[in-house]
Amino acid sequence: MTALLSVQNVTVRFGGLVAVDGASFDVERGTILGLIGPNGAGKTTLFNAINGVYSRHAGSILFDGARISGLRPYEVARRGVARAHQVVRPLNDLSVIANATVGAAFGREDLSLGAARKVAEETLASLGLADKAELLANKLNIAQKKRLELARALAARPRLLLADEVLAGLNPQEVTDMLRVFRDLRTQGVTVVMIEHLMHAVMNVCDRVVVLDYGRKIAEGSPQEVTNDPKVIAAYLGDPKLAEGMSS
Amino acid sequence: MIRYRVPFLPLVVALLAALAAVPILTNNPSLREELFLVFMLVTLASSINIIMGYTGYVSFGHIVFFGLGGYFAFYLMQVQGWHFLAALVAAAIPSAAIAALIGFPILRLRGAYFALATVGINEAMRVVFNNWDLFGGAVGMFFNFSVYSQYGGARAAGELAYYTMTVVAIATIATSYAIKRSKFGLALMTIREDQDVAMIVGIRPSRPKIAAYVISAVFPAMAGATFFFKNGIIEPGHAFELLRSIESLVMVVLGGIGTVAGPIVGAAAYEWLRGFLITNPALANFQLFLAGLLLLITVLFVSSGLVGWLRDRFPAVRSYIP
């Protein structure tokens, strides 16, 4: 069986700046891939290339064996790719339940409003936002907004979830809860690519890890392999002692 | 998105229908004239609300569709001898087509650029009709008195116009309500909040935007057809009057942008206030000044408008007033 997502030699340029430089990797079905690297390494840019926000890139991106490079974001979404942003983007003047319903109604399944609302309610409940359903999204605090961002993505019942630092800014208990959500997703067969700076989370849930630095892939492997890779330690973790402390 | 506790639409329709019957039953022509105007303003404000309130595109020159509908219907009645109701329906079609045609390029613009483009289109249309002899040029067109005779005289024609405007207003409100509760409406509101997010969740923005613009053009076109039928005369300055456009925006903001009830309340309140000011000798000259002041106060302190303020202040109201 082919990989669900295959990134092949993808390069994204902004004028003279090469943000992603010939990156290649595969994501197998039902696995969680961690995408890590220092700030400015091109992780979010790569997400933007995958879901069509930067549709002009060199190289190919295959989803489920079909080329999705050059498709518009709504076409990528309808194939079953959902995205949770690093900087949360709630639909402020809509209720929490409406935000989640938007995710369910327009994606791959193209549900009716009633059916979408049911899915949205279930999704909110699974993320502990059920009691906030009728509030306006802008009334939530930041941790709740992060959960809402994920709820909108999950309500689409995606085949591939692009999660961009959804754990940042959460307290340890919330991180533990969120990691359970990701493990549940994997059990349900959802494939996840997560950008994450929180190393213990990456070590905990990721099946494989890809490391970017200055837009290039510098390492790929299991979390243990990657964190022991001298190149990664040099580029990302900097201090080898710190890396040892984290991998234990 | 909200399950309403009262049947809002039947309630509003019944209320408006009952209100519309009052001047007929009491044989009060001046009240009929006032209500005709209120229903027209409700139509204009509710239509603008679909593109401005739900979709987030401020259509400053929206009165262009009122003028176009008026001109097309007038031409069909005066020159081609069509019945008013046939002309009304027929006039809505080219108006909608023009909305689709201009909507396609200008709905790509965001924010102030879209607003300015709509003003430009309204001004351009006025110049076009000013110079188009088919539609009477700068002088415009006026009915022969014989036109009204097929409806049983000017008075009966006036009543027909009144009933028609009532139906158009109710149809506008019903459409506005249906959109707000539909998946299409949810797409519009998602676009309003964040067009990039809309695309990422799977919405192709151009189609719903153009559809919303076309729908918001149809009802003003019908209102224009009705207004100028009753008026008996149409000329470019009156058909494409930017001030009326701006006044309808004020009504939407005053009543509550993005709500179904807001434009109704806003239009009624604005017209009531204007009636009060105009008939008051001390304030008559300050009518527009006070309207501007009111807009300023609304935007600064109650930016969600009367209905929006109620909904924000008392969340329980949300399940009663959409």
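## Helix packing in chain B

Helix α2 (residues 29–54) of chain B packs against helix α12 (residues 242–255) of chain B at an angle of about 75 degrees, and their axes are 9 Å apart. Helices here are DSSP runs (H or I, at least four residues), strands are runs of E of at least two, and both are numbered from the N terminus. Axes are lines fitted to C-alpha atoms, for helices over the stretch in contact, with angles from 0 to 180 degrees between N-to-C directions. α2(B) and α12(B) are therefore roughly perpendicular to each other, a term for angles of 65 to 115 degrees.

From α2(B), the residues B:Leu41, B:Leu44, B:Ala45, B:Ile48, B:Asn49, B:Met52 and B:Gly53 meet B:Ser248, B:Leu249, B:Met251 and B:Val252 of α12(B). Two residues are in contact if their C-beta atoms, placed from the backbone, lie within 7 Å. The residues of this contact divide into eight nonpolar, three polar and no charged. Ala, Val, Leu, Ile, Met, Phe, Trp, Tyr, Cys and Pro count as nonpolar, Asp, Glu, Lys and Arg as charged, and the others, Gly among them, as polar.

## Model and confidence

This is a predicted model, in which local features need pLDDT of at least 70, side-chain atom pairs count only at pLDDT 80 or more, and totals for chains, interfaces and linings use all residues. Residues are numbered from 1 along each chain as its sequence is written, while chains are lettered from A and ligands numbered from 1 in the order in which they are written.

Chain B has a mean pLDDT (the predictor's confidence in each residue, from 0 to 100) of 92, and 98% of its residues reach 70 or more. For the complex, the predictor gives an ipTM of 0.89 and a pTM of 0.91.

## Overall form of chain B

Chain B contains 15 helices and two strands. Its C-alpha trace spans about 55 × 45 × 40 Å along the principal axes. Of the contacts in chain B with a separation of 6 or more, 75% are between residues 24 or more positions apart.

## Contact with chain A

In chain B, 16 residues are in contact with 25 residues of chain A. The elements giving two or more residues to this side of chain B are α8 (183–193) and α9 (195–201). The largest share, six residues, comes from α8(B). The residues on this side of chain B divide into nine nonpolar, three polar and four charged.

## A loop glycine

B:Gly153 lies in the loop between α6 (146–149) and α7 (154–181) of chain B. B:Gly153 and B:Phe289 are 136 residues apart in sequence and 40 Å apart in space, C-alpha to C-alpha.

Methods:
Angles under 35 degrees count as roughly parallel, over 145 as roughly antiparallel, 65 to 115 as roughly perpendicular and the rest as oblique.
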